[in-house]
Amino acid sequence: MILTEQQARQLIDKLLSYSKADDIQITITGSRGGNIRYARNTVTTTGQTENLQVSVSSVFGKRTGSASGNETDDASLKRLVEVSEEIARLAPENPEYMPMLGPQQYQPSKTYSDDLAGMNPEMRAKAAFDSISAAVKGKHVSAGYLEDETGFIAIGNSKGLFAYNKSTSGDFTITVRTSDDTGSGYARQSFNSLSGLNAALATEKAIKVAEASRGARELQPGKYTVIMDHIAVADLLPMILSAMDARSADEGRSFFGKRGSGNKIGEKLFDERINIITDPFNSLNPGTPFTREGLPVQKQVWIENGVLKNLSYSRYWAAQKGVEPIPSPSGMIMSGGNKSLEEIIAGTERGILVHHLWYIRAVSAQTLLYTGLTRDGVFYVEDGKIKYPVKNFRFNESPAYMLSNVLELGQTARVGNHILPIMKIANFNFTSISDAI
Amino acid sequence: MKRKDFLQLSAFGLGGLLIPGIAHATEPLRWMNERLDRSIKKSLADAALEAAKAAGATYADVRISRYLQQSVNTRELRVQGISNSTSYGVGVRVIVNGTWGFAATSTVTKEGIVDCARTAVAIAKANSILQKEPVILAPQKGLGEKSWKTPIEKNPFDIPINEKVELLMEVNSKAMEAGAGFITSSLSFVLEDKYYANTDGSYFDQELHRMWPNFTVTVVDKTTGKFKTRDALSCPIARGYEYLTSADKEKMQGPAGVMLYRYGYDMVEDAILAAQQAKEKHSAKSVIPGKYDLVLDPSNLGLTIHESIGHSTELDRVLGYEANYAGTSFATLDKWESKNFRFGSDIVNVFGDRKQKYFLNTIGYDDDGVPSKEWDIIKNGILVNYQVTRDQAHILNLKESQGCSHADSWDKVQFQRMPNVSLRPGKKKLSVQEMIKGVENGIYILGRGSYSIDHQRYNFQFGGQLFYEIKNGQITGMLEDVAYQSNTQEFWNSCVQICDESDYRCFGTFRDGKGQPGQVSAVSHGCSSTRFNNINVLNTRA
């Protein structure tokens with residue numbers, strides 16, 4: 001269910017009026033979304049859902065309690081406020097409690113598009129039909145998923161803060177497998193307006209990789225020069241964001257912690273070509289211009305010319321350290337170069353081309369080591385050309401290492417809510433072969 | 001507002017109905033725990049089923065569900081957050097022209113539910129144009145009105161918040177006294193109040209409970225800049241609060257000073273051990289990579305069973321329905337049809353069930369209206385079966401479903417989910433201490449660590465929480481930087497010994513993900529300590 005700014009404000013005012021606490025903050029989120037899923041070249045499920053969730057945090061002194069629910073009649077809303085108050089009264093004081101923020105100024109966001117909000121079941125069915133038809137024409141087997149959502153978030157509190165943002169988002173993924181089950185390809189499109197969706201084009205891309213990946217040969221595991229297409233980069237590299245918290249680093253339990261004490265802000269940790277920012281006002285991957293606390297989100301530089309420039313600071317930790325709070329990074333934007341994938345392949349003497357990674361899990365928080373596997377098309381490159389498909393590999397590698405061992409950065413593209421370049425990396429660590437196709 | 005006024009408003013709030021059947025408690029927190037009267041749910045369900053049939057459905061089912069969750073989160077000596085959340089609504093699923101349709105609503109009134117049923121029929125009709133494989137439902141006799149409840153002694157939602165806070169504060173302070181630099185801890189409780197009805201004539205009222213106590217202890221060595229962690233060896237479990245108060249009857253002293261918990265858990269004791277063990281990790285030997293015989297505790301092997309056997313034998317995955325997300329499976333139908341596909345060694349016997357007491361996926365009836373069952377998946381090492389729902393049973397020529405249908409919310413459509421998948425214990429008397437005595441060069445591994453498996457379930461890599469070196473039948477000390485990497489079929493064929501029933505315990509997870517849009521499911525895996533020979537071990541120190 002999508003509330004307008006005025007409706008959200010009215011609902012928040014109503015909830016505020018029920019409060020007996022010292023302070024209260026309300027968060028309302030709502031969504032209207034649709035999806036279509038298909039496999040074996042036939043539609044398997046479709047759905048259209050609406051929901052509205054109300055969350056209440058009440059505070060007595062430094063005691064806080066939270067309650068949330070999806071029933072929005074007056075009695076249920078009063079119940080939510082009472083439950084949060086009862087919990088707050090029972091909770092011990094939290095010495096790290098930070099008072100709620102007062103009114104804030106927010107820049108207008110770029111997260112909403114009318115055309116995507118107007119997506120309907122017929123349009124979704126058409127996209128699925130286009131995709132399935134392309135696969136059937138090539139005598140392949142398709143499995144895909146398209147989802148779109150219109151949503152909003154509204155925050156208000158007893159200190160007078162009010163924030164509202166509306167957004168649209170969509171994501172399309174397609175896997176094409178050859179009918180003899182010997183080849184597989186994958187493509188993905190992430191978008192905030194309808195112009196970002198072209199199911200037929202994505203499917204053609206997946207078909208091309210699936211056909212080329214048939215008859216994979218076995219290559220010994222080891223350290224290779226790896227060319228990662230956008231999706232593979234987006235699968236692994238953003239894992240580094242979860243470690244970019246100043247408190248964990250200062251406490252000595254993060255990759256960004258310094259031996260003894262403190263953190264590595266100001267140190268050159270990566271290749272000097274590495275520049276990473278986040279910017280909720282970038283029109284290609286726009287984000288909500290405030291946090292769940294109501295703190296404004298600004299453009300933020302994280303890594304500049306390989307130097308760690310910032311880590312995120314919660315309001316509490318920022319107050320302890322005498323700095324301004326910095327929200328956690330979301331929607332990574334990394335600078336790239338001018339070369340296309342084909343041009344990077346053409347300049348590679350010997351290497352492995354990877355399109356998609358899978359089941360990535362942390363192995364060591366100390367070194368940011370992750371394990372995972374390649375899937376949906378891996379190729380051996382020699383003398384500037386793709387020579388033949390190879391079997392999938394398991395890797396044990398760190399995104400920090402990737403940023404230090406860059407050979408080349410290519411053109412950028414959006415995947416998920418990140419904008420990332422194609423990357424060519426030296427000595428990427430493949431530890432075993434997988435028989436999966 | 002006076003309490004009496006509030007109660008009346010509350011009743012109106014549940015969809016404008018006057019609801020005499022609600023047993024109102026006296027505090028707001030208890031209101032969240034209240035259950036809708038069964039007769040009202042039946043009348044709402046009947047309205048949905050009638051509306052669906054009138055609109056052309058040949059089959060319909062309806063789920064009226066309220067989900068209640070509570071979590072208490074702490075770090076060191078302070079509470080970071082306490083929250084309660086509810087979600088309430090109805091999902092209606094129908095078959096029209098051999099095609100599924102589904103719709104959901106949070107308007108839990110007769111009018112809302114009838115509208116929802118008609119929408120589900122309209123969606124099924126629209127989808128039927130694209131239908132290539134008409135739905136064939138395995139028969140299931142209507143069972144009338146039944147009820148089922150997770151066997152709990154103490155409802156966690158009846159336990160006062162301060163008691164939970166006090167427990168976590170004791171856990172944290174004792175861990176810090178024992179050397180922890182940092183600790184985060186939490187208690188999570190879930191209550192699903194689920195009413196299911198279908199046009200076969202089944203009406204099931206179920207109250208499902210589960211809980212999960214958890215913590216992570218960290219010890220930092222400032223001189224080296226290294227930090228080591230140890231997570232709780234607890235098990236997410238379908239028990240009441242008594243899981244946290246009955247450890248004395250349910251624990252066993254394990255090798256190397258570790259404590260092994262069955263269906264009761266001493267959180268304070270485990271936190272103290274965790275702090276001591278995290279300290280010990282700083283001086284532990286880094287493993288030399290190579291081949292080792294592994295002795296895997298159920299707290300570790302449970303996840304390996306889950307990933308390599310549980311997921312690979314989901315029939316929808318085998319058939320390609322999950323190809324775009326989690327992938328397919330190596331355990332293809334031709335291997336099952338051959339009746340001689342050696343999934344594991346002779347002693348590997350794996351079964352699926354939804355019946356084992358305290359296991360997370362144990363229920364009375366599934367979301368297809370099928371009573372809970374038990375069946376073999378791997379017998380004497382041979383693949384003999386999969387996991388199916390009513391609309392998949394015909395593919396395996398089964399006469400009935402195994403009862404594996406589940407939806408994680410009222411607004412999501414049910415589909416095939418993993419039941420409890422467990423390794424049967426060894427028949428000969430054997431303790432883990434005796435098992436270790438027979439190992440010349442091995443590693444004893446406990447706890448859940450890093451985990452990853454490929455999209456057809458061949459190649460996997462698992463870590464753990466605690467690793468102990470075994471030399472010539474003796475544990476010689478702690479190891480660090482261990483991960484084992486293998487291929488599912490090779491691994492299970494290297495299974496050489498399984499401890500007896502007295503060592504049988506369960507591993508659980510609250511959040512097994514599957515499907516698009518994603519759904520989670522809580523599932524347990526039972527096994528005894530088990531030995532695997534000659535497994536490849538990596539050193540994960542970069």
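Is the crossing of α1(A) and α2(A) left-handed or right-handed? In this predicted model, the crossing of these two helices is right-handed.

Helix α1 (residues 5-18) of chain A packs against helix α2 (residues 74-90) of chain A at an angle of about 55°, and their axes lie 9 Å apart. Because angles between 35 and 65 degrees fall in neither the roughly parallel nor the roughly perpendicular class, α1(A) is oblique to α2(A). On the α1(A) side the contact is made by A:Lys14, A:Leu15 and A:Tyr18, which meet A:Leu77, A:Lys78 and A:Val81 in α2(A). By class, the residues of this contact comprise four nonpolar, no polar and two charged.

Helix α5 (residues 199-212) of chain A has 14 residues, and the distance from its first C-alpha to its last is 20 Å, close to the 20 Å expected at 1.5 Å a residue. Its buried residues are A:Ala199, A:Ala202, A:Thr203, A:Ala206, A:Ile207, A:Val209 and A:Ala210. An α-helix has 3.6 residues a turn, so residues three or four places apart point the same way. The elements of chain A against which the buried residues of α5(A) pack include the strands tabulated here.

| Strand of chain A | Residues |
|---|---|
| β4 | 140-157 |
| β5 | 162-178 |
| β6 | 184-191 |
| β12 | 350-364 |
| β13 | 369-382 |

Helix α4 (121-137) of chain A is also among these packing partners.

Between the chains, 65 residues of chain B are in contact with 75 residues of chain A. Strand β2 (residues 78-96) of chain B supplies the largest share of chain B's side, 11 residues, and that side as a whole has 31 nonpolar, 26 polar and eight charged residues.

Methods. Residues numbered from 1 in each chain as written. Chains lettered and ligands numbered in written order. Predicted model: local features only at pLDDT ≥ 70, side-chain atom pairs only at ≥ 80, totals over all residues. Helix = DSSP H or I, 4+ residues; strand = E, 2+ residues; numbered from the N terminus. Expected span 1.5 Å × (residues − 1). Buried ≥ 20, exposed ≤ 12 C-beta atoms within 10 Å, placed from the backbone. Contact = placed C-beta atoms within 7 Å. Axes fitted to C-alpha atoms, helices over the stretch in contact; angles between N-to-C directions. Parallel < 35°, antiparallel > 145°, perpendicular 65-115°, else oblique. Left-handed = near helix turned anticlockwise from the far one by under 90°. Nonpolar A, V, L, I, M, F, W, Y, C, P; charged D, E, K, R; others polar.
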